[in-house]
Amino acid sequence: LTLWVNTVNAAGQDVNDIIREHVERHQMSGRMVLAGANIAGLDIFWKLYENNDYAPLWQKQEQIDELIDMVGRAEEEGLLPHDYHHEVLLSLRNSKSREAADIAEFDMLLTDSLMRYVYHRYFGKANPADLDSDWNLGRRMDRDPLELIVGTMAAADMRQHIVETFDWGPYYQQMKALLADYRERAAREGGGYPALPSGQTLRKGIHDPRVALLRKRLQASNHLAATGTDDPEYFDAELERAVIKFQTDTEIDVDGAVGAGTLAALNVSLQSRIDQIRVNMERARWILRDTRGVDDMVVVNIADFKTMLVRDGEKIWETRSQVGRTYRKSPIFTANMKYAQFNPSWTVPPGILRRDILPKLKADAQGYLAEKNMKLVDSATGKETDPSTIDWAAATPRNFRYQVVQRPGPDNALGRVKFIFPNPHYVFLHDTNHREHFDDKVRTFSSGCIR
């Protein structure tokens, strides 16, 4: 491949000239399409070739093969080989064309493939800010991006270099192993598990043709040993234990019976599970990059209604949590914990004040404030205000200039302690006076804070 540099086309252009023309047009238009594939509009791409006098960057066949093989296995990371021109690169490599234009095109596609792959492994494929403006998971790079690409290209083992550079820790590796397991299951099961039709609840002692299908389903996911039985349509104690194991693993109500909820969980397709893992690997790439070197943290798993404490990189404590209601979801963000306060007062956040509290004040300010042990505070002066002096009929969310503060006490909405990490969402961790909700399976009860 070192001979490629000296190849010329019919117009007398060598590879360097063709690469230069492509780069300059790219700089002017911001768009380049090679072999039907879009090239990323990043100045790093231009600098790589400018710094190399527009000569091809990929001179070693083993390096080319390593890159094509690496992006071809992108599914192991929950990514798609197509995004890195894998099929096109395979075709160009196998064509063995000696035309200068083909050599230049192949080289630039290889470069763009690596850039895209490194970028996605570092930041993730999607930008979280484009999905939800409340997600403050930024794309801050802690090293020079040009050096990152050059260093990867120069590595003796490109794949190992990327593994070491983008080591997102044990959580990511566990998801990667789980993805491999589910992909292997999908291949083994021909793409999916046998589906169970709806019907009466299946439980121990029942005899039903659907029980035989249930056995096959639980055997396919390794929850039930693939051993013979005298009557496969009979729901015996062994099958009940398998159902309990499935319910425990799936974290749904454990009762050993197959009702509507367990049936729905059993019928989730393997591809849906694979997609869930891929989505969570993507989210891990957004988050775990910023936790490298952070040994102590509090992590809230909103979807699982749990909060955990991590010290020295190890989870040492976990507790059930209540999170935001479906229509007032807890936002996803990171912040630095600043302090804890015992026996706190609660200043009602503006959104809750506007949506929930103000209509109740307009109906009966004196009674509501007394019942909830609350007071009105003038936002301008900080002084407590007598509610009888306010024209409640004229009060609107736009002109209401008071804060509502609940005094400390056993019935305070924050309970006995709050943990503050300043953020624009008015969200923090706190105790609650509604402890009865911790026994619920689905704990969506707050207005966004974490109880």
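How many residues does helix α11 have, and how far does α11 reach from its first C-alpha to its last? Helix α11 (residues 237-250) has 14 residues and reaches 20 Å, close to the 20 Å expected at 1.5 Å a residue. The expected span is 1.5 Å times one less than the number of residues.

## Basis of the model

This is a predicted model: local features need pLDDT of at least 70, side-chain atom pairs count only at pLDDT 80 or more, and totals for chains, interfaces and linings use all residues. Residues are numbered from 1 along each chain as its sequence is written, and side-chain values use heavy atoms, with hydrogens and water left out.

Helices (H or I, at least four residues) and strands (E, at least two) are DSSP runs, numbered from the N terminus. Buried means under 20% relative accessible area, exposed means over 50%, and partly exposed lies in between (1.4 Å probe, protein chains only). Contact means heavy atoms within 4.5 Å.

## Helix α11

The buried residues of α11 are L239, A242, V243, F246 and Q247. They cover an arc of only 135° around the axis, which puts them on the same side of α11. The arc is that of the directions from the helix axis to the C-beta atoms. An α-helix has 3.6 residues a turn, so residues three or four places apart point the same way. The buried residues of α11 pack against α10 and α12 (260-266).

Both ends of α11 have a feature to check. D236 caps the N-terminal end, with a side-chain oxygen 3.3 Å from the backbone nitrogen of E238. Just after α11, E251 takes a positive phi of about 60°.

## Helix α1 and H22

Helix α1 (residues 15-29) has 15 residues. From first C-alpha to last, α1 reaches 21 Å, close to the 21 Å expected at 1.5 Å a residue. Its buried residues are V15, N16, I18, I19, H22, V23 and H26. They cover an arc of only 165° around the axis, which puts them on the same side of α1. The face turned away from that buried side carries the exposed residues M28 and S29. The buried residues of α1 pack against β1 (33-34), α2 (43-50) and α5 (100-123).

At the start of α1, a side-chain oxygen of D14 reaches to within 3.2 Å of the backbone nitrogen of N16. After α1 comes G30, whose phi is positive, near 75°. Within the helix, H22 counts as buried at 18% relative accessibility. H22 touches M32, L34 and M108, not counting residues up to four places away in sequence.

## Helix α4

In helix α4 (residues 86-95), H86, L89 and L92 are buried. Seen down the axis of α4, its buried residues fall within an arc of 130°, so they line one face of the helix. What covers them includes α3 (61-72) and α5. K96 follows α4 and has a positive phi, near 55°.

Y193 sits in the loop between α9 (170-188) and α10 (209-220). Is Y193 buried or exposed? Y193 is buried, with a relative accessible area of 15%. Not counting residues up to four places away in sequence, Y193 touches R185, R217, A220, S221 and L270. The side chain of Y193 makes a polar contact with the side chain of R185 (3.0 Å). A polar contact is a pair of N or O atoms within 3.5 Å; within protein, one must be able to donate a hydrogen and the other to accept it, and residues adjacent in sequence count only if both atoms are side-chain atoms. Y193 and N267 are 74 residues apart in sequence and 7.7 Å apart in space, C-alpha to C-alpha.

T385 is found in strand β10 (residues 384-385). T385 is buried, with a relative accessible area of 16%. T385 touches L376, V377, D378, I390 and Y402, leaving out residues up to four places away in sequence. L131 belongs to helix α6 (residues 128-131). At 55% relative accessibility, L131 counts as exposed. Leaving aside neighbours within four places in sequence, L131 is in contact with A126 and W286.
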